[in-house]
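Here are my notes for you, point by point. Keep the structure open as you read.

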Amino acid sequence: MKIGVVTFPGSLDDVDAQRAVRLAGAEPVALWHGDHDLKEVDAVVLPGGFSYGDYLRCGAIARFAPVMTEVVTAAKGGLPVLGICNGFQILCESHLLPGALIRNDHRKFACLDQVVRIENNSTSWTTSYTTGQEVTLVLKNGEGSFVADQHTLDLLEGEGRVVARYVGNPNGSQRAIAGVTNEAGNVVGLMPHPEHAVEDLCGPGTDGLGFFTSVVTTMVGALQRA
Amino acid sequence: MARVVVDVMPKPEILDPQGKAVQGALPRLGFEGVSEVRQGKRFELELEGEATEERLAQVHEMAATLLSNPVIEDYAVRVVS
């Protein structure tokens, strides 16, 4: 079970994401933004950071990196993809996920332990949780306010595509949305960082590990069925 | 050579925290009577050759795919010289 973690120029949390993958029992595979293939990985994580210096818009340049062409194609074919923070922004810019992430309404960088409620535990990345479960992750962003038009928000709510919701609203996200998924449930974008909550030694606990164990379980199940 | 300007602005219904910060700073400097500030981006493109209809169509495509994010921003294209 191999999970690719993409490093863009300016990625910060790629090594933490690789460590979380390892703790979940999978083998992390480093992918480079200039790669033209995904090295036969079973899933991909787009980590947090400031890809391409956040120039133009967060994620706007990364979206056109060579590796993203491969990720977009594979994601449409069902490959599980998790975008965390900047990775979420990249998934929105790639139109794999609806909406966009704009500057926090209070204009300050948010950096805190944040409780979120899991609203959909049937995606590739959330099966280790129960619906309604409250977990503590780490939120650290300047541009984490999720926005979409009313029609899209209603559609997301109606189809159960809100994956996680903030308890409280730390950045002005519409309907307190912390994470969403695509129609198929294989692509998930999440603003808070589960990879910073996988060990008791550093971070607010191990609540975040479930995102990574979920995809391992999902993929093992898929392989057994195949 | 032709110079084409692409103006990108946050959509009216999208909160613009940067514009709000600027608006908040104006009264502190003694400038009164500004009821709203919206902050956008201006791109100046130097085109090789004339700004033909075909070239301008390409600029629109650039604006829609990279220079702006249509989910949160509107753009306008104009030829300045």
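1. Begin with one pair of residues: A:Val81 stands opposite A:Val187 in S11(A). Strands S4(A) and S11(A) run parallel and are joined by 4 bridges. Strands here are DSSP runs of E of at least two residues, helices are runs of H or I of at least four, and both are numbered from the N terminus. Two strands pair if DSSP finds at least two bridges between them.

2. A word on the model and its labels. The model is predicted, so local features need pLDDT of at least 70 and side-chain atom pairs count only at pLDDT 80 or more, while totals for chains, interfaces and linings use all residues. Residues are numbered from 1 along each chain as its sequence is written, and chains are lettered from A and ligands numbered from 1 in the order in which they are written.

3. Stay with S11(A) and look at its other partner. Strand S10 (residues 177-181) of chain A runs antiparallel to strand S11 (residues 187-190) of chain A, with 3 bridges between them. A:Thr181 has A:Val188 as its bridge partner. A:Val180 stands opposite A:Gly189. The hairpin of these strands has 5 residues between them, and A:Gly185 takes a positive phi near 85° there.

4. Is S11(A) covered on one face or on both? Both faces are covered. A:Val187 and A:Gly189 are buried on one side, A:Val188 and A:Leu190 on the other. Buried means 20 or more other C-beta atoms within 10 Å of a residue's own; exposed means 12 or fewer, partly exposed lies in between, and C-beta atoms are placed from the backbone.

5. Now the whole sheet of chain A. Axes are lines fitted to C-alpha atoms, for helices over the stretch in contact, and angles run from 0 to 180 degrees between N-to-C directions.

6. Helix H5 (residues 209-225) of chain A has 17 residues and should span 24 Å at 1.5 Å a residue; its end C-alpha atoms are 25 Å apart, which agrees. The expected span is 1.5 Å times one less than the number of residues. Among the buried residues of H5(A) are A:Phe211, A:Phe212 and A:Val215. Their cover includes strand S1 (2-7), helix H1 (14-23), strand S3 (43-46) and strand S4 (81-84) of chain A.

7. Which residues have the most contacts inside the largest nonpolar core? They are A:Val44 and A:Leu190, in a core of 69 residues. Such a core is a set of buried Ala, Val, Leu, Ile, Met, Phe, Trp, Tyr and Cys residues joined through C-beta atoms within 7 Å. Leaving aside neighbours within four places in sequence, A:Val44 is in contact with residues including A:Val6, A:Leu38 and A:Val81. Contact means C-beta atoms, placed from the backbone, within 7 Å.

8. Check two loops for phi. A:His95 has a phi near 65°, a positive value in a residue other than glycine. A:His95 lies in the loop between helix H3 (86-93) and strand S5 (100-102) of chain A. A:Arg107 is not a glycine either, yet has a positive phi of about 70°. A:Arg107 is found between S5 and strand S6 (110-118) of chain A. Most residues other than glycine have a negative phi.

9. Chain B has an open sheet of 3 strands in the order S2-S1-S3, with antiparallel pairing. Strand S1 (residues 2-10) of chain B is joined to S3(B) by 7 bridges. B:Val5 stands opposite B:Arg78 in S3(B). Helix H2 (residues 53-67) of chain B packs on the sheet and touches S1, S2 and S3 of chain B.

10. Last, the contact between the chains. It takes 12 residues from chain A and 9 residues from chain B.

How values were computed:
Contact = placed C-beta atoms within 7 Å.
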